[in-house]
Amino acid sequence: MEYLPNILFGIVLIAGIGFFARNVKRLSKSIKLGKDIDLSDNKPLRWKNMARIALGQTKMVVRPIAGILHIIVYLGFIIINIEVLEIIIDGILGTHRVFSPLGVLYDVLIAAFEILAVLVIVGILAFWVRRNIIRLQRFIKPEMKGWPKRDANLILYFELILMGLFLVMNAADYQLQLKGAAHYVQAGSFPVSQFLAPLFQGMSIGDLILVERSAWWLHIMGILFFLNYLYYSKHLHILLAFPNTYYGNLRPKGQFRNLEAVTKEVKLMMDPSADPFAAPAEDAPVPDKFGASDVMDLSWVQLLNAYTCTECGRCTSECPANQTGKKLSPRKIMMDTRDRLEEVEKNIRLNKGTFVADGKQLLGDYISHEELWACTSCNACVEACPISIDPLSIIMDMRQYLVMEQSAAPSDLNNMMGNIENNGAPWPFNQMDRLNWTNES
């Protein structure tokens, strides 16, 4: 019975980490459903972008209030969880505050953790007020109804509870130290939780141990639960922001990737020695689909983008089409892509590794033609995203599919392309006629 808590802790730890590893594997498989694309170029710049954007959060502070609050919550939550290492060692070995021999350094660390915990709580409350009381416009868009709104609030509640448990655990521990309870060594400085200690002043040592152990267990189990909840939440960006910023687009804004098949055809047309009537070789591969109509037509980077989306809505709030009342929301494009990808992943998993056609696709069933053609391709959404997500690339790929596979461009665009083909200009008159004004006296 002496080692029962250690055994139980080991089981909980292995189960939590094992479930997380399973989810990471599923996530990796889903992202790999996308088309392969080589992004091994310019590694120094990619590392610099990751350090600057993901770690330094330079694009978050463009909006100072939200940016500073996010940095406080993010850094506070991460730094406080350094103590999880001590909790894990204590849980496995049956020790208590195993790092206490660090002396003054340990006191400083615990004090810093508590101050950060209070700052995190303040940040969480501010975020909750912004979402639920002030109701900022970007948080009440149509795509944020239902689960997205609940998910955002659940995360705030989780973090609030975890910080509260941390402070309660320390407060009870502090009281046990003052009472000289066995196994509770004199260690740590408690600038915040000491003010909670009077709540437990009249309790017996046995009751205090029950409070401290309960808070300790709930804290570590809450962290493991939170870790595994990330897979089902928009907060997956806590993990994916780093690879997403590393693989972010390095090309100048507005420079689109050329389709290899189209480039090849253009080069053949410009080659005077090429036979325009030559038939393709019998063993020539079937040409790839132009553009994208479903998630498997997108690149793995675009699918990584979809999973990394924080649903913060900065892209949508900056979108000129959305501001003028059009249906397009870049955030919804990313959310729809992720939802469809999860549906496809589940289909493949249930059918033992094979995708069984379900009569649905990303284009049409999730993202409408109206949304796609409302986009002005201005790159405002790409510029606004704090973690280098590129909704425009998905929009343009689906537009390519509509134009090149289905000839389903809007009539105005078809007229323009016809004029370019026939007149060498977008206007409905011969290009040479444009110079007639030079003959006027």
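A charge sits over a ring if NZ of Lys or CZ of Arg is within 6 Å of the ring centre and within 35 degrees of the ring normal. This is a predicted model: local features need pLDDT of at least 70, side-chain atom pairs need 80 or more, and totals for chains, interfaces and linings use all residues. Numbering starts from 1 along each chain, and side-chain values use heavy atoms, without hydrogens or water.

**Exercise 1.** Find the ring under the charged end of R213.

Solution. Start at R213. Its charged end sits over the ring of W216, 4.5 Å from the centre. R131 lies over the face of F139, at 4.1 Å from the ring centre.

**Exercise 2.** Classify the aromatic pair of F9 and W217.

Solution. Rings of Phe, Tyr and Trp (its six-membered ring) pair if their centres lie within 6.5 Å; planes under 30 degrees apart are stacked, over 60 edge-to-face, the rest tilted. The structure holds 12 such pairs. F9 and W217 lie 6.0 Å centre to centre, with 70 degrees between the planes. The pair is therefore edge-to-face. Next, place the residues. F9 is in helix 1 (residues 4-31) and W217 in helix 7 (residues 205-229), 208 residues apart. Helices are DSSP runs (H or I, at least four residues), numbered from the N terminus.

**Exercise 3.** Decide whether F9 is buried or exposed.

Solution. Buried means under 20% relative accessible area, exposed over 50%, partly exposed in between (1.4 Å probe, protein chains only). F9 has 2% relative accessibility, so F9 counts as buried. W217, at 21%, counts as partly exposed.

Technical notes
Helices (H or I, at least four residues) and strands (E, at least two) are DSSP runs, numbered from the N terminus.
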